[in-house]
Amino acid sequence: MGLTVSIPTMASAQHHAIIGELAAGFRGWGAIVECGVYLGATTLTVSEAIGTTAAEFHCYDNFAPNDYEKTLALESQVILPDDSRDWIRQNVISQMPDAHVVHLHQGRLRKAEWCGKPIELFILDGGKTDPTFSHVVETFSRCWKAGTIVCLLDAYFSAADQYLCQRRWLEANFPNHSRVESGAFFVA
Ligand SMILES: C[S@@+](CC[C@H](N)C(=O)[O-])C[C@H]1O[C@@H](n2cnc3c(N)ncnc32)[C@H](O)[C@@H]1O
């Protein structure tokens with residue numbers, strides 16, 4: 001967790017710990033997809049957890065910090081431009097091993113597309129409500145395989161009505177998934 005301290009993050013320490021634990025199970029047979037990365041702090045947590053294992057990261061976000069996101073960054077003395085991608089390249093991706101190739105996919109998650117490669121680790125921390133959520137999971141779940149680790153970050157267990165779509169979708173589409181305490185599940 002050490003390297004992530006200086007990267008502003010919306011994820012709690014517990015979220016980082018959960019993501020780190022899940023990523024430690026990464027073996028390198030598929031891509032890593034993260035939807036909603038803000039400034040890439042959780043991406044860096046994944047990178048640290050998998051060490052030098054070769055990995056292809058695909059990070060989806062609008063990379064257009066709003067006033068709240070800019071103010072949050074200011075608390076860490078970070079002044080964000082309107083497009084955060086260069087900042088992420090300079091401050092986050094530069095800290096990652098060369099074996100970790102990162103693709104930044106900019107745009108609205110409700111229009112996200114996927115190239116069809118198998119996905120080994122899928123983390124969702126943006127686009128948590130419908131109709132965006134349905135588009136995201138339908139787009140990416142086609143490439144989940146046996147053993148794919150799926151982390152619908154904390155929202156799956158939230159009692160908030162707007163997140164119920166996640167539980168309903170999961171139960172309808174992956175009734176035999178195995179779930180772990182952290183809220184992640186494994187595709188059977
Ligand atoms: C909770 S934050 C992610 C926190 C991040 N994991 C971290 O380490 O700080 C959610 C991110 O998803 C992005 N986001 C949310 N909804 C989106 C959408 N519909 N399209 C594109 N990006 C979206 C937000 O701009 C924000 O950067």
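## Ligand surroundings

The ligand is surrounded by 17 residues, of which Thr-9, Gly-36, Thr-42, Leu-109 and Gly-126 are the closest. The model in which this shell is described is a predicted one. Sorted by class, the shell comprises six nonpolar, seven polar and four charged residues.

## Helix α2

Helix α2 spans residues 41–50, and eight of its 10 residues are buried, so the helix is largely enclosed by the rest of the structure. The buried positions are Ala-41, Thr-42, Thr-43, Leu-44, Thr-45, Val-46, Ser-47 and Ile-50. Among them, Thr-42 is also listed with the closest residues to the ligand.

The cover over the buried residues of α2 includes one helix, α1 (13–23), together with the strands β1 (31–35), β2 (55–61), β3 (100–106) and β4 (119–124). Just after α2, Gly-51 adopts a positive phi of about 65°.

## Val-46 within the helix

Val-46 belongs to helix α2.

When residues up to four places away in sequence are left out, Val-46 touches Ile-19, Ala-23 and Ile-32. Ile-19 and Ala-23 fall in the range of α1 (13–23), and Ile-32 in that of β1 (31–35), two of the elements covering the buried residues of α2. Between the C-alpha atoms of Val-46 and Ala-17, which are 29 residues apart along the chain, the separation is 9.9 Å.

Methods
Residues are numbered from 1 along each chain as its sequence is written. This is a predicted model: local features need pLDDT of at least 70, side-chain atom pairs count only at pLDDT 80 or more; totals for chains, interfaces and linings use all residues. A residue is near a molecule or strand if its C-beta atom, placed from the backbone, lies within 6 Å of it. Ala, Val, Leu, Ile, Met, Phe, Trp, Tyr, Cys and Pro count as nonpolar, Asp, Glu, Lys and Arg as charged, and the others, Gly among them, as polar. A residue is buried if 20 or more other C-beta atoms lie within 10 Å of its own, exposed if 12 or fewer, and partly exposed in between; C-beta atoms are placed from the backbone. Helices (H or I, at least four residues) and strands (E, at least two) are DSSP runs, numbered from the N terminus. Two residues are in contact if their C-beta atoms, placed from the backbone, lie within 7 Å.
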